[in-house]
Amino acid sequence: MLGRRPFTPGTATLPPATVTDPGGNTLILVLSDGIGAAWHDGRMRALLDQWGRCGPTAVLHALPPHLWDGSGIRAEPWRITSRRRGAPNLAWDVTDPVLPPGVAAFDDVAVPVLTPEPGAVGAWADLLASPGASAVLPLLRPAFAAAQEPPPEPDTQRRVLRFRETASPEAYRLAAHLAAVAPVSVPVMRLVRDALGPDVTTGHLAEVFLSGLLRRCDGDTALAPQHRSYDVTTGIRDILLGTAPVRELLRTSRAVTDRLGELAGRSADFPAWLAHPDGAERAGHEGRPFGWVDTRLLRRLGVGTAGAAPAPATDPGLPAYVDAPGSPWRSLLPQNPRQAGPWQLFARHVDARTTGGMFLGRRGEGEVAALRLIRSGSARRASLPRQAEALRLLRGVRAPRLIDADTGPEPSWMACELHLTDGLPAPSLASSGPAARRFTDPVEFALLGRGVATALADAHVRGFLHGDLTPNRVLLTGDGVCVTGWCVQEHADGVAHDISKLGLTLLSAGGGTVPEVFAPLLRRCSSPLLDERPTADEVAGFFDAYITAHSPDPALRGPDDDAPLAVPIGLDPHGAEVVLDFRAMGPHGVVQGTTADRSTLLEAVVGGLAARHSPTALHFHLLDSTDRFLRSASTGTLPHIVTGAAPLLASALDAERARRRELVAAARATGSPRPALTSLIVVLEASSLGADIDRFEDLDIHLLLVEGPRRGPVDLGFRVDLAAADGPVLCHARGPGHGVPFRLPLPRRLPQEAGCAEEFRRVMALAGPANKVNTLDNLKRIRARELEHLGPDHPQALATRCEIGRVELALDRLDEALDSFSDCATGRDTVLGRGHADTLTAHQLRAYVLHHLGRHEEAYTICRTVLRLWANLRDERHPDVLLCRHNLVVALTALGRHEEAVPEARATYEGRRSALGDDHPDTLASGHELAVALDCAGHRAEAHEVASAVHEARVRVLGPEDVATVTTLRVVTASRPPGT
């Protein structure tokens, strides 16, 4: 099964134990399509169980998920929790993702089955790298039992009907088109697949192969695999051709013929022309024809003989770009909907599903729009109002213009403007064929980058994210770019995720390479440290500066750098943005309201302005401890913010005012332009305001008072009253006398729980033996945030407390570790229940510390209680149960109760030998404790035998100089019988 050169005939195979690592330091990933007999008869299952007992093991399925049940690799979703980094599969906790714990049990070794995609493999990698992490993954289940006798071969009609019932619509359509040109080789099958558009994939071709409809039709064993021919029987061909539109079959045949004409004789896959019995030319003797289209099939396709009229190229009423080569829009299938509200649907996107996705529709006098349909029961239905709200806020600037939306039940839909370029749908960055474009010129690349980054910056300043930016969601319009797909998905990394996807999208636009001047910027966009990623406004500013410096065309340069110092702070009753503009309404203002409302508003002001202005263009000075209002870590740590002791900041502010006045005066004296000054917003308590505020005029310094008294609507330029009787209101000199009512922005889309959990994972991913102190400081900082936002009893806060205890234990701070584990265990007793696995783990850690503090009786009592609770939750040979029993043996030995320790130690040793193997380090540790207990109980001969076996294994696995090996050697020496 294993070999150094598995694809070379005659290569010697290696035993499966070759990759079995008792030390648990080997990760095994098996790539297969699940077709082989070993997947059906249980041999691969047994082998994966063996590997999964020693280290992380998974299967990478070569087929798409909808074909898994037809292979020997079946999978079902289960929730997996890993207790330590790199733990073997056997040590995972596996529970049903829906049912309560204990209702459904997973009895086998958990082996994940993954798709060959970054998301699936990344979820598995996160699980392995993050102690305490949990994820829902497909786990390998037993294959269907093979029938004792093969069923009788069905007749032709039943074979096609069976395929129609089990195959996807795309695979059935592909089968009909293959029947139109069969016999075919595999390269020709790929040409047919490509001719049907990107919605037909290699997975659909695999469905056709596995259906049994195609059979080998040549007996030449000397042919290379890519030249072997496959065909369908006449009966199957007649049925399949009767299910496909004639126009589609004709278009596919012509596309394949044209492509073959380009490749024949020039490609190793196509050594000959497609042959026809009545053709005027003959293939050369060195070429072998792989198939031909007969006259009956030509008539079926509508081609006929000489003089026949050609079939029409398009359906009446359909735009020319529907079904055109390279176009993403296709005619509707019979199962697609025809109506959505007032819109009559006439085309579907290649990525659309049967009743959901993107469609084209008409209404009224022929207005055409792109509609997103979401079927009933879809999880994405809840995101449609958010998508519509995002497009309404963007108002058609670098985004589709929202026409109408209906979030009702059957079906939900949203209609947007369809972008056309020269009468054709605007191509995307992912377009192929004639519309494909690669941005290799630095100025063109910068223009693209500025457009996409500005679109993201416009969204971020309004408080929402894109969520999943990809090349096919960036359209190239005549006047720039149009970004689509807003708010379809959400990600825990928030803005940082948008920036990462921005970098990947621009990298794709450059064909995998980018101009050297932009490479450092794109590397920052994908930095694993989220704080190092730039904002969208920074990216747009970088590209804009490059365009200004290198573009000879002034029309390509961006707007004036003196951008409005404005930020949306909410929505009015009609849903329009209410914008606070410091320059137009100020220069100074006051904010009044409760602490929570002031915090929400200042978060919107500081975060929104920081997203639109770089730290060199805008500073915030937070006096009088007003930084307490910025509660989120992302806002409170912005580089725009300056904090410190109030007297020092006040003195610095006076010095800055004097410096600015000198610069302005010098410019006026010499007739020079007004100097560029960094905008400065000073946030302070109203009680600290002096009488002379005119000293800041014309210096681009703005005062924002909080908790001030009720002033008139024009005293300080503007007033934001968050405590008004009818709700928040913005008053300013240029607005209506009664002010502009608005509602505060919604809380951050990234929940505090998700933010804390993500920061916890980042800290643990960077933890290592060399930076334990730094890890402990970071965990305590996260713990403080969790106590503030989540409370002391939140499961995430308790998990952080437990991890703090582990680091304290590693630093030998035993008393502190005991406090941490005790708090965690008490909290989990209350929140999760006494019998929960996490609760029992915390108690075990508490007992471990008590043992090291010499409090053996307390450690024994805890271990005995926890072991009894584990027995209700786990099998007696589960690693968690065996670990608890091992700790019980250690406590009994320390108490001198050796006779009691011997049976427990024997059960632990035998259990670990069975579950983990003879040479696993945990097995050897239990063998050592058994030898100690036997020796102390007076069973010296057996103790010597066990200790000798453990010592030999530790020499082999850990090495002779390892501390554990030396310790066991002492037991060997001490237990040696007299005279030996």
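## Histidine 856 and its surroundings

Leaving aside neighbours within four places in sequence, histidine 856 is in contact with His851, Ala891, Ala894 and Leu895, where contact means heavy atoms within 4.5 Å. Histidine 856 sits in helix H25.

Before going on, a word on the model: it is predicted, so local features need pLDDT of at least 70 and side-chain atom pairs count only at pLDDT 80 or more, while totals for chains, interfaces and linings use all residues. Residues are numbered from 1 along each chain as its sequence is written, and side-chain values use heavy atoms, with hydrogens and water left out.

## How H25 meets H26

Helix H25 covers residues 856–873 and helix H26 covers residues 879–894; they pack at an angle of about 155 degrees with their axes 9 Å apart. That angle makes H25 roughly antiparallel to H26, a term for angles over 145 degrees. The axes are lines fitted to C-alpha atoms over the stretch in contact, and angles run from 0 to 180 degrees between N-to-C directions.

On the H25 side, the contact includes His856, Tyr860, Arg864 and Trp870. Among the H26 residues they meet as a group are Asp880, Arg885, Leu888 and Ala894. The residues of this contact divide into twelve nonpolar, two polar and three charged. Here Ala, Val, Leu, Ile, Met, Phe, Trp, Tyr, Cys and Pro count as nonpolar, Asp, Glu, Lys and Arg as charged, and the others, Gly among them, as polar.

## The chain as a whole

There are 30 helices and 31 strands in the chain; these are DSSP runs numbered from the N terminus, helices (H or I) having at least four residues and strands (E) at least two. Buried residues make up 48% of the 980 residues. Buried means under 20% relative accessible area, exposed over 50%, and partly exposed in between, using a 1.4 Å probe and protein chains only. Among contacts between residues at least 6 apart in sequence, 61% join residues at least 24 apart.

## Salt bridges

Side chains of opposite charge can pair when their charged atoms come close. A salt bridge is a side-chain nitrogen of Lys or Arg within 4 Å of a carboxyl oxygen of Asp or Glu, and by this rule the count comes to 28. One of them joins arginine 45 and aspartate 49, at 3.0 Å from N to O. These two residues are separated by about one helical turn, because they lie four residues apart in helix H2 (residues 43–52).

Arginine 83 and aspartate 838 form another salt bridge, at 2.4 Å from N to O. This pair links distant parts of the chain, 755 residues apart: arginine 83 is in the loop between strands E5 (74–81) and E6 (93–95), and aspartate 838 is in helix H24 (residues 837–852). Arginine 83 is partly exposed, at 22% relative accessible area, whereas aspartate 838 is buried, at 16%. Asp93 joins Arg83 and Asp838 in a network of salt bridges.

## Histidine 177

Finally, have a look at histidine 177 in helix H5 (residues 169–181). Histidine 177 is buried, with a relative accessible area of 1%. Not counting residues up to four places away in sequence, histidine 177 touches Val192, Leu196, Glu248, Leu249 and Thr252.

Terms used
Parallel < 35°, antiparallel > 145°, perpendicular 65-115°, else oblique.
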